Amino acid sequence: MAAQLIDGNALARQVRAEVATQVQALKAQGVVPALAVLLVGDDPASQVYVKHKVADCEGVGMRSILERLPASLSQETLLARIRELNVDATVHGILVQLPLPAQIDASQVIATISPAKDVDCFHVASVGALMVGLPGFKPCTPHGCMRMLQSAGVDPRGKHAVVVGRSNIVGKPMAMLLLQASATVTVCHSATPDLAAMTRQADILVAAVGKRNMITADMVKPGAVVIDVGMNRDTAGKLCGDVDFEGVREVAGWITPVPGGVGPMTRAMLLVNTMQAAQASLH
Ligand code: NDP
């Protein structure tokens, strides 16, 4: 029997509706949740991402402040702008779209964003809070994946979760959230000798590599939940994930599609974080 689909579009719609209700409640208290998005330069993919983020904010009634800054911008000018936004009480979230031009050190930029407004959850203080289980933002992509598991009624407790990929924005925080949910977690990466032997043990398999058809049906335990974070293009230029969807869906119990899976959930969780920041500003 083919796997059941975890529909990221439908779930993201639900999350956005929840956020929209919370936005109305905050507005009634005189607070308009606001996200500042800084785009430096004119990277085509970044332009698209930023456009979506702005539209998403508007869709739930939040304010978005899009600042398009020249590619030649100096690091100091960018940091100065971030410092202004840090102390602007009408702005609750600050997001600097990555990648940044070569003259700007992204780690300095991230370090300058106030942790209270770090809705991407990239600041070391946010990452540290996540690591030790203190309250704070959760990074959008892994948080979206956890919400997808929840929607499928999958409790990670006692399950073996295998995360393929160990990046700071996906693999590592994904492993941390699964661990916090009491899964037994294995993290695989490019130096893992027998990847298939690892993935075949997974009750929950998260693929976050960036290689098309990386995960094939023979690498998946029957009935497993397969979360595909990858975003790649096939030979026809069509968006696809890391998982061989057609093959794996015959083996897995649950599967997320690409497109229409983790991507829309990542966007929705940014709204959740901005909402969280705005709510926290009341206290
Ligand atoms: P990175 O390139 O930062 O990390 C990729 C990871 O995959 C690395 O840890 C790398 O290992 C590992 N890897 C590479 N080759 C292999 C291999 N042969 N076997 C096992 N592991 C391997 O990517 P990101 O984490 O930023 O993103 C991963 C994918 O997710 C990309 O396709 C990206 O576009 C997508 N993405 C999707 C999002 C969404 O909203 N849907 C959001 C963010 C990312 P090592 O560390 O050893 O090099």
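User: R157 is found in the loop between α6 and β5 (160-164). Why is R157 called exposed?

Analyst: The model considered here is a predicted one. In it, the relative accessible area of R157 is 58%. Exposed is the word for a value over 50%, and R157 is therefore exposed.

User: Which residues are in contact with R157, leaving aside its neighbours within four places in sequence?

Analyst: They are A181, S182 and A183. A contact requires heavy atoms within 4.5 Å.

User: What makes S182 partly exposed?

Analyst: S182 has a relative accessibility of 30%. The cut-offs are under 20% for buried and over 50% for exposed, so S182 falls in between and counts as partly exposed. S182 is located in the loop between α7 and β6 (184-188).

User: Is C121 buried or exposed, and how do you know?

Analyst: The relative accessible area of C121 is 3%. Because the limit for buried is under 20%, C121 is buried.

User: Why does H143 count as buried?

Analyst: H143, in helix α6, has a relative accessibility of 15%. That value lies under the 20% limit, and H143 therefore counts as buried. Beyond residues up to four places away in sequence, H143 touches K138, L177, M269, V272 and N273.

User: What makes S64 buried?

Analyst: S64 is part of strand β3 (residues 63-69). Its relative accessibility is 18%, which is under 20%, so S64 counts as buried. Not counting residues up to four places away in sequence, S64 touches L35, V54, C57 and E58.

User: How do you know that the span of helix α1 (residues 8-28) is close to the expected one?

Analyst: Helix α1 has 21 residues, and the distance from its first C-alpha to its last is 30 Å. At 1.5 Å a residue, the expected span is 30 Å. The two values can be set side by side, and the helix is close to expectation.

User: Why are the buried residues of α1 said to be on the same side?

Analyst: The buried residues are G8, L11, A12, V15, V19, V23 and L26. They cover an arc of only 120° around the axis, which means that they share one side of α1. An α-helix has 3.6 residues a turn, so residues three or four places apart point the same way. On the other side of α1, R13, T21 and A28 are exposed. The cover over the buried residues of α1 includes α6 (140-151) and α10 (262-280).

User: What makes the buried residues of helix α5 (residues 124-132) line one face?

Analyst: S126, A129 and L130 are the buried residues of α5. Seen down the axis, they fall within an arc of 100°, so they line one face of the helix. The buried residues of α5 pack against α7 (171-180), whereas V124, M131 and V132 are exposed on the other side.

User: Which residues have the most contacts inside the largest nonpolar core?

Analyst: That core has 52 residues, and those with the most contacts inside it are V19, M62, L149, L178, V206, I227 and V229. Helix α10 gives the most to this core, with ten residues. The core also draws at least three residues from each of domain 1 (30-115) and domain 2 (140-263). In soluble globular proteins, nonpolar side chains tend to be buried together.

User: How do you know that the peptide bond from L98 to P99 is cis?

Analyst: Its omega is near 0°, and the bond is cis. P99 is placed in the loop between β4 (93-96) and α4 (106-112). Another cis peptide bond joins V258 and P259, with omega about 0°. P259 is placed in the loop between β11 (254-255) and α10. Most peptide bonds are trans.

Note on methods: Residues numbered from 1 in each chain as written. Predicted model: local features only at pLDDT ≥ 70, side-chain atom pairs only at ≥ 80, totals over all residues. Heavy atoms only, no water. Helix = DSSP H or I, 4+ residues; strand = E, 2+ residues; numbered from the N terminus. Expected span 1.5 Å × (residues − 1). Buried < 20%, exposed > 50% of the residue type's maximum accessible area, 1.4 Å probe, protein only. Arc of directions from axis to C-beta. Core = buried A, V, L, I, M, F, W, Y, C linked by side-chain atoms within 4.5 Å. Domains from an automatic or database assignment.
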